[in-house]
Amino acid sequence: MKSFLARFSIALFAVLVGIGVSFVAAEYIRDTFISLQLNPEAGVRWYETLIQALQWSAAIISGLIGGFIYLSLGFKTEARSAGTALVKNVVISQGQFRTLYDLGPIPYFLVTPDGAIGEPNKAMLRICKGMLPEIEGKELASFFVPDDKEKWKDLWHKFGRKVAISDQELRVVPLTGGERYVLLSIFTIDSGPKKGWGLGTFVDITERKEIDRAKTEFVSLAAHQLRTPISTIKWYTEMLTAEAATLPDAQKKHLERIQEGARNMNELVHTLLNVSRLEMGTLPIALEQTDIAALATNILEELAPEIQTKGLLIKTDFNAQSISTDPKLLRIVMQNLVSNAVKYTPEKGPVSVRVKSSGRGIVMEVEDTGLGIPKEEQPKIFSKMYRAENAKKMVAGGNGLGLYMSKAITGILGGTISFVSEENKGTTFTLTVPSKTS
Amino acid sequence: MTELKRITVIDDEPAIREALVEMLSGAGFDVSSAVNGKEGLVVVSQQHPDLILLDIMMPEMNGWQVLEALKKDDWAKKVPVIILTNLDGVENVSKAVEQEAYEYVVKGDTDMKDILAMVKRRLGV
């Protein structure tokens, strides 16, 4: 508003000056005409009209000039104040950005075209355990452990060909020694004086790594401690059995029971170990090209004794490609579905196992003619430790972990597991598993 | 009479160690044993076995350290090692492969007769 008054006064002043000048000029012209003595009357009146016209047009022109001055001064002021505000904002946000960069918890740094560290922030100095002059200008590669240097070289080479580095796990050695696990990302700077440089970040994941390692170690140790006495029972029973030729049949049977108990306990340790690893997210996945038909055949061979004892009629239809998956994990799921079908189908009943290709994966169907799952219990059968009432009556053993684990593992492998069941008629489980690339 | 093949069993768990010794002696091998890794190295240097059965989790010196020590000895590095443990996991198996162990056996999953078959196969008897 201040500027409005100023602009208006300048414009008004310009108009008044213009009118004043035109009146003075008119007076001068009239005097000149009079002094020229060009009368008669009519002539004088003609000059008077001319002078009045001149005065009016001078006033109008002055007004226009005043208006123009008013507006143009206004535009300039507005432009100037908008510019000032913009500059102010830029300065503020630059300051804020700078503070974030300098004091943020994540290590930031620039990477020069020859791979040296530029402008490391405080967090970067903290992770490298050095002062600014010790870190700045130092080659980034010099901070990685020798084992990771090849990986870094490869990443840096790709970065040179405009491939951004994103969340790559590397180990950093601080100046004071030790080792930190980080996720490294470097993005290219596209404009400005540092065009072509990199903007790098480290995310410190050392603690996460340590927790994972502690969890894995704990579970392995617990399993180890449980298995040692199981091995002792198993082996001594085996030795006793070998010497048992002279024992009465009843005692031989007792030895067999001990053997079976030890075997089941060992199985349970395996299962619990897998469930713990699954739940803690430390179950390692090792992908390899897997022949699904061979896997299914092998599982059936393993179950052959039980199938023969019950006199089950097994129908197979294996027509699947090999896929990339984790055969050990997939085996747990397939084994579970087939052994459930065998377990819950009454003697002499038929069981079908079908495997076929589907897109880039496989579909496996296991159809039994067993108990079936009661409708009201169907939503719960994938829950941990859940066993359907009718299943408990038929087979006393069973830990209720099989389907829970199968569903979780299938999820990890990127597949699905579902079923259709009718009580007293049977259940068909359908397992789909894609070919996994990573 | 041909000389008996020699086997050294290194395991800290008495019941396991004694079962192995008994089974292997019974099968006609000359068996020596040690209760931890450190003692195991001494026994190996004295007995010059044809095969070593090695546990992993042991006091004093664990199985991995024994493997490394064996590798440094010109003679001992040629002796085949079967790792017999109750530790499982991909990471341990791959470590054993890296360390050039002949076999990796999880005790709880394996019957004695299978261990005996493996030993006989390796020693060619």
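Modeller: Let us start with helix α10(A), in which Leu329(A), Leu330(A), Val333(A), Met334(A), Asn336(A), Leu337(A), Val338(A), Asn340(A), Ala341(A), Val342(A) and Tyr344(A) are buried. The model is a predicted one, in which local features need pLDDT of at least 70 and side-chain atom pairs count only at pLDDT 80 or more, while totals for chains, interfaces and linings use all residues. Residues are numbered from 1 along each chain as its sequence is written, and chains are lettered from A and ligands numbered from 1 in the order in which they are written.

Colleague: What makes a residue buried, exposed or partly exposed?

Modeller: A residue is buried if 20 or more other C-beta atoms, placed from the backbone, lie within 10 Å of its own; it is exposed if 12 or fewer do, and partly exposed in between. By that rule, buried residues make up 22% of the 438 residues in chain A and 38% of the 125 residues in chain B.

Colleague: Why does Val355(A) count as buried?

Modeller: Val355(A), which lies in strand β9 (residues 350–358) of chain A, has 22 C-beta neighbours inside 10 Å and therefore counts as buried. Apart from neighbours within four places in sequence, Val355(A) is in contact with residues including Ile292(A), Phe318(A) and Met364(A). Its C-alpha atom is separated by 9.7 Å from that of Thr432(A), 77 residues apart along the chain.

Colleague: Why is Leu20(B) called buried?

Modeller: Leu20(B) has 25 other C-beta atoms within 10 Å, and so it is buried. Leu20(B) belongs to helix α1 (residues 14–26) of chain B. Residues up to four places away in sequence aside, it touches Val9(B), Asp11(B) and Leu53(B). The C-alpha atoms of Leu20(B) and Ile115(B), 95 residues apart along the chain, are separated by 9.2 Å.

Colleague: How do you know where a helix or strand is?

Modeller: Helices (H or I, at least four residues) and strands (E, at least two) are DSSP runs, numbered from the N terminus. Chain A comes to twelve helices and twelve strands. Chain B has five helices and five strands, in the pattern β-α-β-α-β-α-β-α-β-α along the sequence.

Colleague: What span is expected of α10(A), and what does it reach?

Modeller: The expected span of a helix is 1.5 Å times one less than its number of residues. Helix α10 (residues 327–344) of chain A has 18 residues and reaches 25 Å from its first C-alpha to its last, close to the 26 Å expected.

Colleague: How are two packed helices described?

Modeller: Two packed helices are described by the angle between their axes and the distance between the axes. Axes are lines fitted to C-alpha atoms, for helices over the stretch in contact, and angles run from 0 to 180 degrees between N-to-C directions. Helix α7 (residues 249–280) and helix α12 (residues 402–412) of chain A pack at an angle of about 45°, with their axes 11 Å apart.

Colleague: Which residues make the contact between α7(A) and α12(A)?

Modeller: Thr271(A), Asn274(A), Val275(A) and Leu278(A) in α7(A) meet Met405(A), Ala408(A) and Ile409(A) in α12(A). Two residues are in contact if their C-beta atoms, placed from the backbone, lie within 7 Å. By class there are five nonpolar, two polar and no charged residues, where Ala, Val, Leu, Ile, Met, Phe, Trp, Tyr, Cys and Pro count as nonpolar, Asp, Glu, Lys and Arg as charged, and the others, Gly among them, as polar.

Colleague: What makes α6(A) roughly antiparallel to α7(A)?

Modeller: The two helices pack at an angle of about 170°, with their axes 9 Å apart, and that angle makes α6(A) roughly antiparallel to α7(A). Their contact has 13 nonpolar, five polar and four charged residues.

Colleague: How many residues does each chain give to the contact between chains A and B?

Modeller: The contact takes 15 residues from chain A and 15 residues from chain B. On the side of chain A, α6(A) gives the most, with eleven residues. That side divides into seven nonpolar, six polar and two charged residues.

How values were computed:
Angles under 35 degrees count as roughly parallel, over 145 as roughly antiparallel, 65 to 115 as roughly perpendicular and the rest as oblique.
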